[in-house]
Amino acid sequence: MNRTKVDEEEYWHSSKFKAFTFDDDDDELSQLKESKRAVNSLRDIVDDDDDDLERVSWSGEPVGRRSRLGSFQSLSDALSDIPPKSFAPELRRPKGEYKDYSSDWSLSDTVRRLQKGKVCSLERFRSLQDKLQLLEEAVSIHDGNVITAVLIFLKRTLSKEILFRELEVRQVALRHLIHFLKEIGDQKMLLDLFRYLDRTEELALSQYQEHLSIQDPEKRKEFLKSCIGLPFSVEDVAHIQDHYTLLERQIIIEVNDRHLESSGQTEIFRKHPRKASILNMPLVTTLFYSCFYHYTEPEGTFSSPINLKKTFKIPDKQYVLTALAARAKLRAWQDVDALFTTKNWLGYTKKRAPIGFHRVVEILHKNNAPVQVLQEYIRLVEDVDTKLNLATKFKCHDVVIETYRDLKDRQQLVAYRDKVDKASAEEEKIDSILSNLQIRWKN
């Protein structure tokens, strides 16, 4: 690639000219290890989602499902929850292994050695043209580790302005650099790069990511408030606003509940001490906490489950699932019953479950609900096969027997008679039904 004299002079005046040596204590890979440890420490703040792993393909294109901003946690995950991986071949080795060192390798030989993970010096590539040819050779073999190794070298020895300018027209290498900077947590250079590229939304997301490093809840809240004005899409601005509002609520709830727990005057906190702070938890976790500790509170309080549902527009299915899990864990069966009881305009009551009663039964069983409670909800399952499967699985004999009776299935009743205890109430019930069926058939 030919360069004008002006370009060459700009390079010589702006390049850092720091040699790429094996003995440099402040090498990029050491920084990488330290930065990766810092990135890994942020994972305790948000939940991992193994489905959101991001990989780099042979072409350098990041592949895999990209998290959308569908929840506060997914937004954080999309920015921070990236698995550790090897970035580049080992560039530093003990001096005793340098015996095969040579400064006469061609570009192709150098890249091939990097690809095999062998000792290789890049310091002889001093001119801008040589460095760019080395990068292009690395890209041509479609090896992400080699591309990243060369980018580390260029990052060390070129000014940011020249590096950004050259990578802007080399999209594969640019994607690798962006991914690498996210991995090592070089937020400053990443922000500079996005500004140079005029990628405003990515710039905003990178700035938003900084909230993860703020430990003080009040300071984090104020930082999130300042992020609302960043150039996000309309949809994402709404999520940032909700994130701010959620943390604001959590701070209020945390202060109040810490006082209630320490005073020892509230029964729920005495029987079930809190296992962790509610601060910085996802919305669903906050809702579960609210349904567990504050279920009966009026809607006007910040910790009320209904207040959370309305404020954050939580769908009915999600609300019912969360409330059911929380109240079942407390074995509050009357609350469970009330959760599914509705009245019509005539005052008649009926059971209704937006999540389906088969799921209700599974959750109740998971929380060790007694057979009497399970049977009540299994009877509400409309599909006969599903009802029989659940009743059989959880040994709700009465439901199985009643279902076969309603089906007038004598053969199944006889077969099921062998599965219940001898001389039990269930056996007597089956015998009575079989006797009645026999009489009806004779008549």
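Buried means under 20% relative accessible area, exposed over 50% and partly exposed in between, with a 1.4 Å probe and protein chains only. This is a predicted model, so local features need pLDDT of at least 70 and side-chain atom pairs count only at pLDDT 80 or more, while totals for chains, interfaces and linings use all residues. Residues are numbered from 1 along each chain as its sequence is written, and side-chain values use heavy atoms, with hydrogens and water left out.

**View 1. The whole protein, before we zoom in.** The protein has 23 helices and four strands; helices (H or I, at least four residues) and strands (E, at least two) are DSSP runs, numbered from the N terminus. Of its 443 residues, 45% are buried. Take the contacts (heavy atoms within 4.5 Å) between residues at least 6 apart in sequence: 60% of them join residues at least 24 apart.

**View 2. Arg-170, in the loop between α7 and α8.** This loop sits between α7 (160–168) and α8 (171–184). Arg-170 counts as buried because its relative accessibility is 12%. A polar atom of its side chain lies 2.8 Å from the backbone oxygen of Glu-166.

**View 3. Helix α14, mostly covered.** Helix α14 spans residues 283–293, and eight of its 11 residues are buried. Here they are: Leu-283, Thr-286, Leu-287, Tyr-289, Ser-290, Cys-291, Phe-292 and Tyr-293.

**View 4. Helices α18 and α19, packed together.** Helix α18 (residues 357–366) packs on helix α19 (residues 371–378) at about 170°, with the axes 9 Å apart. Axes are lines fitted to C-alpha atoms, for helices over the stretch in contact, and angles run from 0 to 180 degrees between N-to-C directions. The pair is therefore roughly antiparallel, the label for angles over 145 degrees. From α18, Phe-357, Val-360, Val-361, Leu-364 and His-365 make the contact, meeting Val-373, Leu-374, Tyr-377 and Ile-378 of α19. By class, that's eight nonpolar, one polar and no charged residues; Ala, Val, Leu, Ile, Met, Phe, Trp, Tyr, Cys and Pro count as nonpolar, Asp, Glu, Lys and Arg as charged, and the others, Gly among them, as polar.

**View 5. Helices α21 and α22, crossing.** The axes of α21 (residues 397–406) and α22 (residues 410–417) come within 8 Å and cross at roughly 155°, so these two helices are roughly antiparallel. On the α21 side, the contact is made by His-397, Val-400, Ile-401, Tyr-404 and Arg-405, and on the α22 side by Gln-412, Leu-413 and Tyr-416. Sorted by class, the contact has five nonpolar, two polar and one charged residue.

Key. A polar contact is a pair of N or O atoms within 3.5 Å; within protein, one must be able to donate a hydrogen and the other to accept it, and residues adjacent in sequence count only if both atoms are side-chain atoms. Angles under 35 degrees count as roughly parallel, over 145 as roughly antiparallel, 65 to 115 as roughly perpendicular and the rest as oblique.
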